[in-house]
Amino acid sequence: MRQDHLITATQLSRDDIEAVLDRARAVADDPAAYAGRHAGSVLALCFFEPSTRTRMSFDSAAKRLGMETIDMGDVDSSSVSKGESLSDTVRVVEGYADALVLRHPSEGAATLAAERVDVPVVNAGDGAGQHPSQTLLDLHTIREDHGLDDLTVGIMGDLKYGRTVHSLAAALTNFDVNQHFISPESLRLPRSVRFDLHETGAQVREHTDLEAVLGDLDVLYVTRIQKERFPDENEYHRVAGEYQIDADTLAAASDDLTVMHPLPRVDEIAPDVDETDHARYFEQAHNGIPVRMALLDTLLENAEAAEGLEVDR
Amino acid sequence: MSEHELRVSKIRDGTVIDHVESGQALNVLAILGIDGSEGLAVSVGMNVPSDRLGRKDIVKVEGRELSQSEVDVLSLIAPEATINIVREFEVVEKNRVTRPDGVSGVLSCPNRNCITNDDEPVETRFDVVADGVRCDYCSTILRDDIADHIDV
């Protein structure tokens, strides 16, 4: 991967993805070989929105590479609450760190940040935009089970606002994958994502009912439908109920179906699915460590190469 | 159109933007950043008869020759426009507008949750795509109502 930043999954080629995932596999196979590899480097965690697992996952990945991490803390207690712009914040933090992980409630925030600083920026979620590092760990999980070609993938839930969905759909266009999107009418993929899928000539179909495609799927990627997306609570309960799965639902699925979820889940996957061979969401979350280690390693290596420093491992 | 039908007089030196879609003349001036404060003589014709368009708007700017890059952005709201450069009452150059690859600082993003609508020191930037424009920051695509988002 010759990228300086990771902002959107649409920027990733098949080679980019495979290079990071190969490295993630190497990290998982021999973590000791990567321990301390970036000792002396500092990763800044700038989360303008609450996050538990993404923040902890980057923190852990960085520390396993020997990096120190600095954390902006909660927005309420930072200079952001005094009205500082994102542009100023990242310019300041750039002086403290060798790379920057950013989560922000506004779409396009990571693009703006990357324009303002010279250190690598990783988009850890920008509003309803993109979440490409999640996609890399999603792809790693799929690859471990099925490989990444000749696949049928179903993505279900909130496709309109789900940033993990937008990134995953874009990244899958690099592979031989049939994509099925299952959602209520009001939460279909946004125009911009459909435009990109159409441009790549991807095999894409949209459904309102999981039953129509469940039997064909190798992977079912479930996302949470949030209450605040609906004008009233009754409507939410009526709609969301149609996009929940349990062990009985999966009786109609292929034995090899992999069920994934970016987590946190609420009630869209019943706990009885955890006990089936389909469930892969906890491994998926754990895969965040080797994948984010591989990603940070790659971006720091690219940054050093760009500065003309010798990279000698 | 014969001489006695002319609603505004010919200009001596400057630019005539002709065949502007009806109703877009003021948006054309907005995009060009012309609001009268620069002291240029500006004439605007609205809903004048046109063989080609039925009705059209026309904008005449005296004393300023607009460059191709300045007028290309007009293609987004006035794709049929023709640009006439006038010197000593004669049209010395006549060009159509062509679609640019992108536009900066002209449109506001319709996505209220786009970072360009936060209080950031940033100029909007849009790529011109097949049948509209697309925000470089949040990827939102704007198609039919581009003129509603002119912000200059």
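**Figure 1. Strands β1 and β3 of chain B pair in the antiparallel sense.** In this predicted model, strand β1 (residues 14-21) of chain B is joined to strand β3 (residues 54-62) of chain B over 6 bridges. To find your place along this pair, look for Ile17(B), which stands opposite Val59(B) in β3(B). Strand β3(B) also pairs with strand β2 (residues 42-50) of chain B, again in the antiparallel sense, and here there are 7 bridges. Along that pairing, Gly45(B) stands opposite Ile58(B) of β3(B). Follow the chain from β2(B) to β3(B) and you trace a hairpin, with 3 residues between the two strands.

**Figure 2. Chain B is assigned two domains.** Domain 1 of chain B covers 14-96, and domain 2 covers 102-149. Their centres, taken over C-alpha atoms, are separated by 24 Å. Where the two touch, domain 1 of chain B supplies 6 residues and domain 2 of chain B supplies 5 residues. On the domain 1 side of this contact, 4 residues are nonpolar and 2 are polar, with no charged residues.

**Figure 3. An open sheet of 4 strands in chain A has parallel pairing.** Reading across the sheet, the strand order is β2-β1-β3-β4. Strands β2 (68-71) and β4 (121-126) of chain A stand at the edges; each has a single partner strand, so one side of each is left without a neighbour in the sheet. Direction ignored, neighbouring strands of this sheet are turned by 15 degrees against each other on average.

**Figure 4. Helix α6 of chain A packs against helix α11 of chain A.** Helix α6 spans residues 132-146 and helix α11 spans residues 288-306; their axes are 9 Å apart and meet at an angle of about 120 degrees. The two helices are therefore oblique to each other, and α6(A) passes α11(A) in a right-handed crossing. From α6(A), the contact uses Ser133(A), Leu136(A), Leu137(A) and His140(A), while α11(A) brings Gly288(A), Val291(A), Arg292(A) and Leu295(A). By class, these contact residues are 4 nonpolar, 3 polar and 1 charged.

**Figure 5. Helix α6 of chain A also packs against helix α7 of chain A.** Here the partner is helix α7 (residues 163-172) of chain A, with an angle of about 55 degrees and axes 8 Å apart. That angle makes α6(A) oblique to α7(A), and the crossing is right-handed. Look along α6(A) for Pro132(A), Gln134(A), Thr135(A), Asp138(A) and Leu139(A), which make the contact with Thr164(A), Ser167(A), Leu168(A) and Ala171(A) of α7(A). The contact residues divide into 4 nonpolar, 4 polar and 1 charged.

**Figure 6. Chain A and chain B are in contact.** On one side are 15 residues of chain A, and on the other are 17 residues of chain B. If you are tracing the chain A side, the elements that give two or more residues are α4 (86-94), α5 (109-116) and α8 (191-200) of chain A. The chain A residues that touch chain B include 5 nonpolar and 8 polar residues, along with 2 charged ones.

Definitions and conventions. Residues numbered from 1 in each chain as written. Chains lettered and ligands numbered in written order. Predicted model: local features only at pLDDT ≥ 70, side-chain atom pairs only at ≥ 80, totals over all residues. Pairing = 2+ DSSP bridges. Axes fitted to C-alpha atoms, helices over the stretch in contact; angles between N-to-C directions. Parallel < 35°, antiparallel > 145°, perpendicular 65-115°, else oblique. Left-handed = near helix turned anticlockwise from the far one by under 90°. Contact = placed C-beta atoms within 7 Å. Nonpolar A, V, L, I, M, F, W, Y, C, P; charged D, E, K, R; others polar. Domains from an automatic or database assignment.
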